[in-house]
Amino acid sequence: MKPDGSRGRPLPLGWIWGLLGAAVCAAMIPLEPNFLEEGIVVHAAQRIAEGELLYQDVAVFTGPLPFELLGLLFRAFGAEIWLARMAVVVLHGMACAAIY
């Protein structure tokens, strides 16, 4: 406490929870951090990165965001599994921070 009785600046707990969630997810990378079949998303993202169109050339039955985001990352940095897993780590960290 400060001398005037105020507590000062609050701790950025959302950031702390986000980093903690990302750290836990990163520790799970050898076990697949998303606990789903990551090959489906990675394969669709590779095809999108090569120029195919979602819902026209690539058939999926969910929303476009995971495929398009990963396809964009693959175009920028190359199609690597570690990149897909790091994207999941970042998204899980952001989800933990948002839930807090």
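Predicted model: local features only at pLDDT ≥ 70, side-chain atom pairs only at ≥ 80, totals over all residues.

Visitor: Let's take the helices one by one. How many residues does α1 have?

Guide: Helix α1 has 15 residues. From the first C-alpha to the last, α1 reaches 21 Å, close to the 21 Å expected at 1.5 Å a residue.

Visitor: Which residues of α1 are buried?

Guide: Gly14, Gly18, Gly21, Ala22 and Cys25 are buried in α1. They cover an arc of only 100° around the axis, which puts them on the same side of α1.

Visitor: Why would residues that are spaced out in sequence point the same way?

Guide: An α-helix has 3.6 residues a turn, so residues three or four places apart point the same way.

Visitor: What do the buried residues of α1 pack against, and which residues are exposed on the other side?

Guide: The buried residues of α1 pack against α4. On the other side of α1, Leu19 and Ala27 are exposed.

Visitor: On to α2. Which of its residues are buried?

Guide: In α2, the buried residues are Glu38, Val42, Ala44, Ala45 and Ile48. Seen down the axis of α2, these residues fall within an arc of 165°, so they line one face of the helix. Their cover includes α3 (65-77) and α4 (81-99).

Visitor: What follows α2?

Guide: Glycine 51 follows α2, and its phi is positive, near 110°. Tyrosine 55, in the loop between α2 and α3, also has a positive phi, near 70°, although tyrosine 55 is a residue other than glycine.

Visitor: Is tyrosine 55 buried, exposed or partly exposed?

Guide: Tyrosine 55 is partly exposed, with a relative accessible area of 46%.

Visitor: What about leucine 54, buried or exposed?

Guide: Leucine 54 lies in the loop between α2 and α3. Leucine 54 counts as buried because its relative accessible area is 12%, and the cut-off for buried is under 20%.

Visitor: Which residues is leucine 54 in contact with?

Guide: Leaving aside neighbours within four places in sequence, leucine 54 is in contact with Ile48, Val60, Pro64, Phe67 and Glu68. One of these, Ile48, is among the buried residues of α2.

Visitor: Changing topic: how many salt bridges are there?

Guide: The count comes to one salt bridge. Arginine 47 forms this bridge with glutamate 52, and the closest N and O atoms are 2.8 Å apart.

Visitor: How accessible are arginine 47 and glutamate 52?

Guide: Arginine 47 is partly exposed, at 23% relative accessible area. Glutamate 52 is partly exposed as well, at 27%.

Visitor: Back to helices. What covers the buried residues of α4?

Guide: The cover includes α1, α2 and α3. The buried residues of α4 are Leu83, Ala84, Arg85, Ala87, Val88, Val89 and Gly93. Helix α4 has 19 residues and reaches 27 Å from its first C-alpha to its last.

Visitor: Let me pick alanine 84. What is it in contact with?

Guide: Leaving aside neighbours within four places in sequence, alanine 84 is in contact with Val42, Leu70 and Phe74. Alanine 84 counts as buried, at 8% relative accessibility.

Visitor: Last topic, the surface. Which residues form a nonpolar patch there?

Guide: The patch is formed by Leu13, Ile16, Trp17, Leu20, Val24, Met28, Leu31 and Tyr100, with about 770 Å² of accessible area together.

Visitor: Where is leucine 31 found?

Guide: Leucine 31 is found in the loop between α1 (13-27) and α2 (38-49). At 55% relative accessibility, leucine 31 counts as exposed, because the cut-off for exposed is over 50%.

Note on methods. Residues numbered from 1 in each chain as written. Heavy atoms only, no water. Patch = residues over 30% accessible without salt bridge, like charges linked within 9 Å, V, L, I, M, F, W, Y side chains within 5 Å. Areas by Shrake-Rupley, 256 points an atom, 1.4 Å probe, with all protein chains shown as cover. Salt bridge = Lys/Arg side-chain N within 4 Å of Asp/Glu carboxyl O. Helix = DSSP H or I, 4+ residues; strand = E, 2+ residues; numbered from the N terminus. Buried < 20%, exposed > 50% of the residue type's maximum accessible area, 1.4 Å probe, protein only. Arc of directions from axis to C-beta. Contact = heavy atoms within 4.5 Å. Expected span 1.5 Å × (residues − 1).
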